[in-house]
Amino acid sequence: MHNAAFRHLGLDCVYVPFKVSSRSLRDAVRGLRLLGVKGFNVTVPHKVEIVKHLQKIDPITRAIGAVNTVLNDSGTLVGYNTDATGAIEALKSNGVSPGDSKFTILGAGGAASAIIFSVAEASPRVTVLNRTLEKAEKLKRKIKRQLQVDIWTKRLTRRNLVESLRTCDVLVNATSVGMEGNPSGLPIRRADLERRLTVFDIVYGRSETELLRKARSAGCKTISGVEMLLHQGAAAFEIWTGRKAPVEVMRRALAEATARGVRGNAGC
Ligand code: ATR
């Protein structure tokens with residue numbers, strides 16, 4: 001989708017995917033900096049490890065502790081996390097105002113962390129449910145060190161989820177359930193989802209996730225992970241180029257790539 005955006009704006013840039021092993025990360029980053037590459041995205045499993053190879057990290061990204069976008073500012077590598085911006089933009093462009101919405105967020109890993117940081121700043125109530133409660137509590141302590149907010153944490157069980165859904169407006173799945181190799185397993189039934197809820201699943205792929213299928217058939221508003229991918233890509237584009245991202249051009253390129261089965265940023 002980045003190449004479609006570069007072409008659309010007549011920019012002489014090209015976006016290329018590289019596979020880098022953990023062992024080669026340091027050399028790869030050094031090489032990109034020395035070659036004068038303007039910027040790059042970083043994805044799993046390097047989002048946390050990359051931090052130590054960068055010269056500057058934007059403050060909210062430092063708090064999140066994971067980088068997915070790097071700008072090469074005349075030899076100074078600056079790290080950003082556009083997952084957070086991507087999630088907020090995906091919500092707003094689907095009519096959800098985080099400041100007026102209570103959230104139930106599933107997960108406490110890297111992706112969940114970026115979303116919880118960005119949502120917690122605005123929302124009147126955020127409840128985090130995770131399979132491993134200790135991880136959710138650790139994340140809560142980390143967030144509370146940075147932001148003056150309160151967050152409720154619970155173990156991810158059907159009973160806790162149903163209870164939390166009763167008083168929230170938006171359910172976000174930020175676990176890896178729904179991804180290839182981890183297709184199902186969230187403790188939720190269609191009947192648990194009232195139609196007044198918005199359900200946002202950050203997982204994306206060729207077909208709709210089981211959670212979004214249930215939510216749609218229950219009459220809820222649904223937001224797919226493709227929306228987040230689009231907006232995090234647009235935010236990265238703006239960091240690298242200083243130009244407003246042509247979001248609709250990127251949306252079309254992403255839809256084509258998703259239909260072809262291309263995963264993530266690579267090749268879009
Ligand atoms: P990412 O960077 O994509 O967020 P991660 O950091 O490995 O990946 O986090 C994965 C998240 O999905 C975690 O919250 C994980 O729960 P645990 O902390 O208990 O491991 C959650 N997850 C993965 N598989 C799950 C499953 N089958 N049921 C519930 N939660 C699951």
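So, Val16: you'll find this residue in the loop between helix 1 (2-8) and helix 2 (25-34). Keep in mind that we're looking at a predicted model. Val16 is partly exposed, at 47% relative accessible area.

Okay, on to the backbone. Between strand 1 (39-41) and strand 2 (56-57) there's a loop that holds Pro45. The peptide bond joining Val44 and Pro45 is cis, with omega at about 5°. Then there's Ser74, in the loop between strand 3 (69-73) and strand 4 (76-80). Ser74 isn't a glycine, yet its phi is positive, about 50°. And Ser74 counts as exposed, because its relative accessibility is 74% and the cut-off for exposed is over 50%.

Now, salt bridges. How many does a search of the whole structure find? The count is 12. One of them pairs Lys52 with Glu49, where the closest N and O atoms sit 2.5 Å apart. Lys52 is exposed at 60%, while Glu49 is partly exposed at 36%. Another links Glu238 and Lys244, at 3.6 Å from N to O. Here Lys244 is exposed, at 66%, and Glu238 is partly exposed, at 30%.

Last stop, helix 10, residues 247-260: Arg251 and Glu248 both lie there, 3 residues apart, about one turn of the helix. Their side chains meet in a salt bridge, 3.1 Å from N to O. Glu248 is partly exposed at 45%. Through shared partners, salt bridges join Glu227, Glu248 and Arg251 into one network.

Technical notes: Residues are numbered from 1 along each chain as its sequence is written. This is a predicted model: local features need pLDDT of at least 70, side-chain atom pairs count only at pLDDT 80 or more; totals for chains, interfaces and linings use all residues. Side-chain values use heavy atoms; hydrogens and water are left out. Helices (H or I, at least four residues) and strands (E, at least two) are DSSP runs, numbered from the N terminus. Buried means under 20% relative accessible area, exposed over 50%, partly exposed in between (1.4 Å probe, protein chains only). A salt bridge is a side-chain nitrogen of Lys or Arg within 4 Å of a carboxyl oxygen of Asp or Glu.
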